[in-house]
Amino acid sequence: MLKVGIVGLPNAGKSTLFNALVEKPKAQVGAYPFTTIDKNVGTVSVPDDVLFKLASLENIDKVTQTTIEFVDIAGLIKGASLGEGLGNQFLHHIREVDLILHVLRYFKDKDIPHVHPKIDPEEDFFIVNEELIFADLQTLEKRLKKEKISKEEKQVLEKVIQEMNQGKMAKDLLLKEEEKNFLYPLNLLTQKKQLVVANIDEKDIQNPPKTVDSLPVIPICAKLEAELNTLPWVEQQRFLKAYGLSKSAKEKIIIESYRALEVITFYTIAKRTEAKAWTLKKGKTALEAAAKVHTDFAKNFVKVEVISAKDLIEIGGWQKAKEKGKILLEGRDYQVKDGDVLEFRASVK
Ligand SMILES: Nc1nc2c(ncn2[C@@H]2O[C@H](COP(=O)(O)OP(=O)(O)O)[C@@H](O)[C@H]2O)c(=O)[nH]1
Ligand SMILES: [Mg+2]
């Protein structure tokens, strides 16, 4: 399952965004800093029309969507690494995530205090990233103090520390693969990709900000979207249309997360008992897809039958596609494509 962690300053709207994304929202939202002290964890089922179409085409009752987990943690403030606010002890909750959602406050509301005298997303972005860098520096220093560390590792860590002390994030360092190998086990926070969310006012929906620090932002009105997330689907669509929005925040974040993490979706409809969507890193092979579905499929891999979901739906079903010779037989090295329907053939041992 993909995991996404939400970071930002207090009152940026992190918990509100969390509630806009997850099913059964439950995060407490408050107009005062540090409403969230422990973390909130929730999941969202990835909406997928194709999956439901496949299921109905093959008369399959059980449909299993992929899910994404979101983690909402306490706000960070300048000096968190030195113990300001709640400190940065909560950051370890996002150490295991695949991606960071960085929420920036753009909305103006005098009833909701901001931690700085003025709303300045650029400055806020910088401050939070700096705290992430400080947290990583602490992790690196701790590792460096270990006795059993090799000379090569020590050299790499020292170089990384030196560069990060100048304000660079681990993901932006030019490192060789063998150098990066020393960093991966540390799960550095600034090694993770970030999606930047601009939490905007309702009135700015038609004229949203596009970048911060030259990076693209995803403009979202978290408050509105959190309300939207409590409504039935049909009403949500009506609501979105009324605001001139083409997609909900949930859809936007899912699409952008998949893009940032370079993952694709493939489907299985094995035995016509369950239609299931899976995620896979772009460029991976049929064998790697098989391993996700069942270790036996990978171990005893023989061939895989492949057709794109689009073609399968157009043709009108697996049997018809088979008769027309549209289902291809591929080997273990076949590169899985976004939207493929796969049926593995494994030898029985
Ligand atoms: N006006 C406005 N208020 C918002 C928006 N998003 C969040 N808020 C409010 O800002 C306050 C802090 O939100 P919260 O999600 O708890 O922030 P967090 O500290 O980052 O988790 C709450 O009172 C929210 O209702 C928004 O888009 N517009
Ligand atoms: Mg919160």
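1. Of the 22 residues around ligand 1, those that come nearest are Gly-13, Lys-14, Ser-15, Thr-16 and Lys-223. The model is a predicted one, and the points below should be read with that in mind.

2. The shell around ligand 1 draws at least two residues from each of two helices, α1 (14–21) and α6 (222–228). Helix α1 provides the largest share, with 3 residues. By residue class, the shell consists of 8 nonpolar, 10 polar and 4 charged residues.

3. As to overall architecture, the chain contains 12 helices and 13 strands. Its C-alpha atoms fill a box of roughly 70 × 60 × 35 Å along the principal axes. Of its 349 residues, 35% count as buried. Among contacts between residues at least 6 apart in sequence, 65% join residues at least 24 apart.

4. Two domains are assigned. Domain 1 is made up of two segments, 2–36 and 73–259, while domain 2 covers 263–346. A distance of 35 Å separates the C-alpha centres of domain 1 and domain 2.

5. The largest nonpolar core comprises 86 residues, and the members with the most contacts inside it are Ile-6, Leu-17, Leu-21, Leu-54, Phe-70, Val-197 and Tyr-267. Helix α3 (residues 121–144) gives this core its largest share, 7 residues. Both domains take part in the core: at least three of its residues come from domain 1 and at least three from domain 2.

6. Apart from neighbours within four places in sequence, Phe-70 is in contact with Val-4, Ile-6, Phe-18, Leu-21, Val-22, Gly-42 and Val-44.

7. An open sheet of 7 strands runs in the order β2-β4-β1-β5-β6-β8-β7, and its pairing is mixed. Its edges are formed by β2 (40–45) and β7 (211–212), each of which pairs on one side only. Within the sheet, β1 (residues 2–8) and β5 (residues 99–105) pair in the parallel sense over 5 bridges. Opposite Ile-6 stands Leu-101 of β5. In general, the strands of a sheet pair through backbone hydrogen bonds, in either a parallel or an antiparallel sense.

8. Helix α7 (residues 233–242) is hardly covered, as the count of buried residues among its 10 residues is 0. After α7 comes Gly-244, with a positive phi near 70 degrees.

9. Tyr-334 is placed in the loop between β12 (328–330) and β13 (340–346). Leaving out residues up to four places away in sequence, Tyr-334 touches Thr-285, Ala-286, Val-304 and Val-306.

10. A last point concerns the distance between Tyr-334 and Thr-190. These residues are 144 residues apart along the chain, and their C-alpha atoms are separated by 34 Å.

Notes
Residues are numbered from 1 along each chain as its sequence is written. Chains are lettered from A and ligands numbered from 1 in the order in which they are written. This is a predicted model: local features need pLDDT of at least 70, side-chain atom pairs count only at pLDDT 80 or more; totals for chains, interfaces and linings use all residues. Domain bounds come from an automatic or database domain assignment. A residue is near a molecule or strand if its C-beta atom, placed from the backbone, lies within 6 Å of it. Helices (H or I, at least four residues) and strands (E, at least two) are DSSP runs, numbered from the N terminus. Ala, Val, Leu, Ile, Met, Phe, Trp, Tyr, Cys and Pro count as nonpolar, Asp, Glu, Lys and Arg as charged, and the others, Gly among them, as polar. A residue is buried if 20 or more other C-beta atoms lie within 10 Å of its own, exposed if 12 or fewer, and partly exposed in between; C-beta atoms are placed from the backbone. Two residues are in contact if their C-beta atoms, placed from the backbone, lie within 7 Å. A nonpolar core is a set of buried Ala, Val, Leu, Ile, Met, Phe, Trp, Tyr and Cys residues joined through C-beta atoms within 7 Å. Two strands pair if DSSP finds at least two bridges between them.
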